[in-house]
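This report goes through one protein structure part by part. Please look at the sequence and the model before reading on.

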Amino acid sequence: MQIATHKTAPIDGQKPGTSGLRKKTRVFMEPHYLENFVQSIFDGIGGVAGRTLVLGGDGRYFNDRAAQVILRMAAANGAARVIVGQGGILSTPAASHIIRTRGTDGGIILSASHNPGGPDEDFGVKFNTPNGGPAPEEVTERIFAATKQIAAYRILETHDIDLGTLGETRLAEMVVEVIDPVADYAALMERLFDFDAIRTLFRSGFTLRFDAMHAVTGPYATRILEEMLGAPEGSVVNAVPSPDFGGGHPDPNPVWASDLMDLMMGADAPDFGAASDGDGDRNMIVGRGAYVTPSDSLAVLAALAHLAPGYAGGLKGVARSMPTSAAVDRVAEARGIPCYETPTGWKFFGSLLDAGRATLCGEESAGTGSDHVREKDGLWAVLLWLNILAATGKSVQQILTEHWARYGRNYYSRHDYEAVDAGQAARMLDALRARLDDLPGQSFAGLKVEGADEFAYTDPVDGATSTGQGLRIRFEGGSRIVLRLSGTGTVGATLRVYLERYEADPAAQAEDPQAALSQVIAAAEAIAGIRAHTGREAPDVRT
Ligand code: VG1
Ligand code: CO
C-alpha cells in the first residue's frame, strides 16, 4: 500500500453552512472535490496524525464511496484509528454519542440531512468536534481557510475495505473498527427513559406509527421501538434505508410526511405518530388528530421531561434558536430556569450544553435534543414523548390542550420560498435591513411595529460573536416576524419567513394556525414585499 500525494488547487465555495458543506452529489463526485474538503478538515484541525476519528453517514447515494475515500485519506494522514458504523452508517445523534463516549478527536458525518439524496440530489460532509457537536464557527472558518490554501492531499492507494463485517481491520498502520451503529445508542436511550413503563403502554394496546422515511432511523427505530419496547411489528414503516430515500424527501414535516399526516388525521389513526429525517436528528410528533409544532413540542418536553428517569432531577436551563417560538420561554419562566436564545443551527447549543447551562435545546425546524449528546436527536424526542404519555396516561391532544391552557399558545408557522434567485433574495433583505430603524411606530395590516433589528449573538460561555443571523420585527401585543436565508440549501436561495402570535385565551386556542396568523402573514408581505421581490405568489412549504 502506497501513500500518494496528489497535487490539487483550491476549489471555490467550500464554505460550511448551517450544518456542514452541502452540495449537489455530482459536485461532490467531481475530481478532487471531496478529497480537497476532507484534507482541509484535517489541515483545519491541525492534522490527524495519531488521532482517533468516528465516521458514518445516513446511507444516501455516494455515502459508501465517500467513506472509502475518507478512510484511505485518514490512513495516509497518519490517523491511529477510525471507528466506523457498519456499512458506513451512523445516524447523526449516534455518531455524536460515539465521538463523546469513546473519547475521540472528533468525527465526520456524511449527510445532507433532510435534503433528498441520489445522483441528482444532495450530499454533505460535516465535521464534529471531540464534544460530539457540530464544529463551531471558529473551527469551520479554519477549515474554510484551509480549502482556500490547499495545494495537495494525501491518500492511500489500495482496494476498498470491508465495512460490512464487525470488528477491527487495518489500513496500513491505521485501525479501522467497524461497530454496530445501533447498540450503544440503544443502550443510552434505555438509561434515559423508563422502558418498562413504555412496554406496559404498548402491552395495553397503545398503537404507534413511526415513519423512517427510507432513511437512517429505520434500523434504530425497529430495534428500539419494536424489538426492545414491544411495539407491534410493522409499527415502524419505510424502515429500510435506501440511497435515494425511496425517491422521497426525508424531511419530517406535514408536507413531506403527508402519508403519516393523512393517517393521523383519519378515522384509523393510531395513538401516536412520528417521523424522522435523513440523518435521524429531526422529529415530527403527531397525535391522533393533533399535529404538534416543533416549537410546542420543545415547550411540552421542557415542562414534562422530569417524568423520564434521565431528567428526574429537573432541567438546568433550556435553549432555543432565535426563530423558534417563545413557547418554551414561558415554561422556563414558570420554572425559574434560564432560557437562552441562539442563532439557527445546533452548533450554537454546544457551549451551553458543555457548560451545564442548558439541559434541553430545540429548533422550530423539528430539532429537539438534550445534553445526552451534542446533536439534535429525533428518536430521543419520540421516546421522551412516549415516556411522558406512559407516565401520564394522557393523549397527545390532551397534553397539548392542557399545556396551552396553562402557558398560553404561541401560534406559529414557517413559510419557505425555495430556490429563489439568490440576487433577488439578497436585495429583498438588504432593502428591509436598510429600513429597520424606521419601522417602529408604523403599522402594517393593522399591526403596529414595536421593535425591529438584525439578530446578533454573543456566546455567554466563550464570548464568540455571530452577526447577521436574521431580521426580526416585533409587533405590539407580542406577535413577531423573522426573515432569514437558509444555510443548508444547494440551489439558489431559500427564504424562510417565521411567523408567530401569542394567544392567552383558552377559548381562542383551537384555531388553524394559518388562519390565526393571517394578520401577521399579511404584515410580513406588506413590510417585506416578498411577492414583488421574488415573483412568488405563495410559499412552497408551510410548516
Ligand atoms: C436548517 C434549519 C436549522 C437546522 C439546520 C440543520 O437550517 O433551519 O434549524 O439546524 O437546517 O438541520 P437553514 O440554514 O436551512 O435554515 V439538519 O436536520 O439539516 O442537520
Ligand atoms: Co438532519
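The domain assignment gives domain 1 (2-180), domain 2 (185-407) and domain 3 (409-542), with bounds that come from an automatic or database domain assignment. The C-alpha centres of domain 1 and domain 3 lie 35 Å apart.

Residues are numbered from 1 along each chain as its sequence is written, while chains are lettered from A and ligands numbered from 1 in the order in which they are written. As the model is predicted, local features need pLDDT of at least 70 and side-chain atom pairs count only at pLDDT 80 or more, whereas totals for chains, interfaces and linings use all residues.

## Helix α15

Helix α15 covers residues 422-435, 14 residues in total. Helices (H or I, at least four residues) and strands (E, at least two) are DSSP runs, numbered from the N terminus. From its first C-alpha to its last, α15 reaches 20 Å, close to the 20 Å expected at 1.5 Å a residue; the expected span is 1.5 Å times one less than the number of residues.

Ala425, Met428, Leu429 and Leu432 of α15 are buried. These residues cover an arc of only 90° around the axis, which puts them on the same side of α15; the arc is that of the directions from the helix axis to the C-beta atoms. A residue is buried if 20 or more other C-beta atoms lie within 10 Å of its own, exposed if 12 or fewer, and partly exposed in between, with C-beta atoms placed from the backbone. The face turned away from the buried side of α15 carries the exposed residues Gly423, Asp430, Ala431 and Ala434. Among the elements that cover the buried residues of α15 are β19 (409-420), β26 (493-503) and α17 (518-528).

## Helix α13

Helix α13 (residues 378-392) has 15 residues and reaches 22 Å between its first and last C-alpha, close to the 21 Å expected. Of these 15 residues, 13 are buried, so α13 is largely enclosed by the rest of the structure. Gly393, with a positive phi near 70°, follows α13.

## Residues in loops

His214 is found in the loop between β10 (208-211) and α8 (217-228). Its phi is positive, about 60°, although His214 is not a glycine. His214 is buried, with 22 other C-beta atoms within 10 Å.

His159 lies in the loop between β7 (152-157) and β8 (167-171). With 8 C-beta neighbours inside 10 Å, His159 counts as exposed.

Conventions
Two residues are in contact if their C-beta atoms, placed from the backbone, lie within 7 Å.
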